[in-house]
Amino acid sequence: MRARCAQVARTLTDLGGRLVAAENLHITLSFLGSIHASQRACAEGAADAVQAPPLTLTLHRLGYFAKP
């Protein structure tokens, strides 16, 4: 999936943005922002406890973050 996303990104260079190496691509499920170490540990513990069956993920649009 990462390789395919990187391949598509290379075809869109005229839209702006900056290419990211395929190994650095990821999907953010939830952004926690700035949190304390104890809150991070709690969130990671909760995430480790999640058990779910495999799923199919369909990406239907793309975008990028503008420069800060």
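**Note on the salt bridge, pockets and surface**

1. Arg40 and Glu44 are both in helix H2, four residues apart, about one turn of the helix. Helices are DSSP runs of H or I with at least four residues, numbered from the N terminus. The side chains of Arg40 and Glu44 form a salt bridge at 2.7 Å, N to O; the term requires a side-chain nitrogen of Lys or Arg within 4 Å of a carboxyl oxygen of Asp or Glu. One salt bridge is found in a search of the whole structure. Glu44 is partly exposed, with a relative accessible area of 38% (buried means under 20%, exposed over 50%, partly exposed in between, with a 1.4 Å probe and protein chains only).

2. The model is predicted: local features need pLDDT of at least 70 and side-chain atom pairs count only at pLDDT 80 or more, while totals for chains, interfaces and linings use all residues. Residues are numbered from 1 along each chain as its sequence is written, and side-chain values use heavy atoms, with hydrogens and water left out.

3. The second largest pocket has a volume of about 290 Å³. Its lining includes Arg40 and Glu44, together with residues such as Leu29, Gly33 and Ala47. By class, this lining has five nonpolar, two polar and two charged residues. On a 1 Å grid over the protein atoms alone, a pocket is an open set of points where a 1.4 Å probe fits, with protein on both sides within 12 Å along at least five of seven lines; lining residues have an atom within 4 Å of a point.

4. The largest pocket has a volume of about 1600 Å³ and is lined by 32 residues, with Leu25, His26, Leu62, Gly63 and Tyr64 nearest its centre. The lining comprises 18 nonpolar, nine polar and five charged residues.

5. Met1, Ile27, Leu29, Leu55, Leu57 and Leu59 make a nonpolar surface patch of about 730 Å² (residues with over 30% relative accessible area and no salt bridge, nonpolar side chains being joined within 5 Å). Leu59, in the segment after helix H2 (37-48), is partly exposed at 49% relative accessible area.

6. Ala6 lies in helix H1 (residues 2-10) and is buried, with a relative accessible area of 9%. The C-alpha atoms of Ala6 and Cys42 are separated by 33 Å.

Definitions and conventions: Grid points are joined across faces, edges and corners, and a volume is the space filled by probe spheres set on the points. Ala, Val, Leu, Ile, Met, Phe, Trp, Tyr, Cys and Pro count as nonpolar, Asp, Glu, Lys and Arg as charged, and the others, Gly among them, as polar. Patches are made of residues with over 30% relative accessible area and no salt bridge: like charges are joined within 9 Å, nonpolar side chains (Val, Leu, Ile, Met, Phe, Trp, Tyr) within 5 Å. Accessible areas come from the Shrake-Rupley method with a 1.4 Å probe; for residues, only the protein chains shown count as cover. Helices (H or I, at least four residues) and strands (E, at least two) are DSSP runs, numbered from the N terminus.
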